[in-house]
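Here are my notes on the side-chain contacts in this model. Please read them with the structure open.

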Amino acid sequence: MKKSILIAVGLLIACTFPALAQATAAVANVPAPKVDTGDTAWVIMSAALILLMTIPGLALFYGGLVRRKNILNVMMQCFIITAIVSIEWIVCGYSLSFSSSKGALAPFIGGLDWSFLNGIGIGDLSPYFISHAQATGKIVNGVPEMTGTIPHIVYIMYQCMFAVITPAVVIGAFAERINFKGFLVFTLLWSIFVYNPIAHWAWSADGWLAKLGLMDFSGGTVVEINSGITAIVTVLLLGRRRDYQGHAIPPHNIPFVAIGAALLWFGWIGFNAGSGLSADFLAGNAFLTTHMATAVAAFVWAILDWIVGKKPTVVGICTGAVAGLVAITPANGFVDVKGAMIIGLVATVICFMMVAFVKVKLGYDDSLDVFGIHGIAGIVGTLCTGLFATPAVTKYFATAGSHPGAGLFYDNAHQFLVQLMGVGATIAFSAAGTFILFKLVQLTIGIRATDKEEALGLDESYHAETGYTYFD
């Protein structure tokens, strides 16, 4: 009897208020919001994998590439960035990146409502950001309100690891010649005034690039282009190392380079496959596309090394792997495996040309090729996302219309224009912000190591330690 009455009432509503009936049906077909333990476990593990990329991944990769007198300085930079940026993230960074601000500023920067995680409880679900969501039971503009399936604090920590690794990538550009105090102040200011706004543009629900439909699954603009452009600006402002001869200085510990690159490849699975915030089809595709783009890139770099330098090198194949990882970062959640392999190929050829020929020709001293790898591969990958994004993958996003669903090669030329706009805006803002902050630090506390400090080595000059003992 009760069931019959409910059916009759439902029919009456459907006849009288079709839109309301449609929205109610949508809510009825989605379970009430709750934590998904599988999604939560995967995102926690992914955050831990990204932390592994910074320490010890980047610490070993960069540390092995520099001279022995500077290895501890590189490792110290990786560790202290992890500390200070994590603190900054909780104090204000997350709020500036992902909260809503008022009025005209809303598309460009968040507010401070979530400073010190104010108002965020350990039992709160994350806001809906990327791919996986549930209906809350509320109707907003005629459709169900959506929320995530993981705790909000887990999402905060996941994004914290992106905020940490981005300035850590930059240190490879000015390695062996930056004042430690100046580096520390510059990095903190850069995280607040450059990283946070760009993260808001691309990944916040209010961000102007996100509203345009920018496809940046894991940080092509926010992490890679941003760090790469910061790298080349700091390199040009800081000047060359005192003994730089126009070519790469031989790395002092290639086994460290190989171990670091392997940890980066391993950790990048969390970096990319975790970005959908759920253990689902998109995570599987991100794993597949990330690995295959990297495999192609590593192999192609080794072949190019073989052709140009007559022998394949360990440093070369490690560099190629990183180029592939960077290039697939914006695209892994939007392209299929064929698109991923093409992206790995194209990015590697271009990056190899930048590192082997353009850098030498122009004479700038990008110590560990941050611009040539992260900046260039980030640009290539972001633009290629606008070419190869396919509905065969994007149909697995939870909400219809959350992304345009296709790139230029799938009859959506508009998407490529959006990607181009995202690249241009990121380059312009990152370059301008980096220039202003660098000059500010340079004019106040100084940012270049002295000739004596550089000659002695930054390990002894700034840390009173050496990486290797010559006697017991």
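1. Basis. This is a predicted model: local features need pLDDT of at least 70, side-chain atom pairs count only at pLDDT 80 or more, and totals for chains, interfaces and linings use all residues. Residues are numbered from 1 along each chain as its sequence is written, and side-chain values use heavy atoms, with hydrogens and water left out.

2. Asn179. Look at the loop between α5 (152-170) and α6 (180-203), where Asn179 sits. Helices are DSSP runs (H or I, at least four residues), numbered from the N terminus. Asn179 counts as buried because its relative accessibility is 15%; the cut-offs are under 20% for buried, over 50% for exposed and partly exposed in between (1.4 Å probe, protein chains only). Its side chain reaches the backbone nitrogen of Lys181 at 2.8 Å. A polar atom of the Asn179 side chain also lies 2.9 Å from the backbone nitrogen of Gly182.

3. Neighbours of Asn179. Leaving aside residues up to four places away in sequence, Asn179 touches Gly446, Ile447, Arg448, Ala449 and Tyr462. Contact here means heavy atoms within 4.5 Å. Arg448 also forms a salt bridge with Glu454, with the closest N and O atoms 2.9 Å apart. A salt bridge is a side-chain nitrogen of Lys or Arg within 4 Å of a carboxyl oxygen of Asp or Glu. Glu454 is buried, at a relative accessible area of 4%.

4. Aromatic rings. The structure holds 26 aromatic pairs. The pair Phe61 and Tyr62 is tilted, because the ring centres are 5.9 Å apart and the planes stand at 35 degrees. Rings of Phe, Tyr and Trp (its six-membered ring) pair if their centres lie within 6.5 Å; planes under 30 degrees apart are stacked, over 60 edge-to-face, and the rest tilted. Phe61 is buried at 6%, and Tyr62 is buried at 2%. Elsewhere, ring pairs link Trp89, Tyr94, Phe98, Trp114, Tyr155, Trp190 and Tyr195 into a cluster.

5. Salt bridges. How many salt bridges does the structure hold? There are ten. Lys338 pairs with Asp336 (3.4 Å, N to O). Lys338 is exposed at 55%, whereas Asp336 is buried at 15%. Lys359 pairs with Asp369 (2.9 Å, N to O). That pair links distant parts of the chain, ten residues apart: Lys359 is in helix α12 (residues 337-362), and Asp369 is in the loop between α12 and α13 (370-388).

6. Network. Salt bridges link Arg67, Glu176, Arg177, Arg241, Asp243 and Asp365 in a network.

How values were computed
Helix = DSSP H or I, 4+ residues; strand = E, 2+ residues; numbered from the N terminus. Polar contact = N/O pair within 3.5 Å; in protein donor to acceptor, adjacent residues only side chain to side chain.
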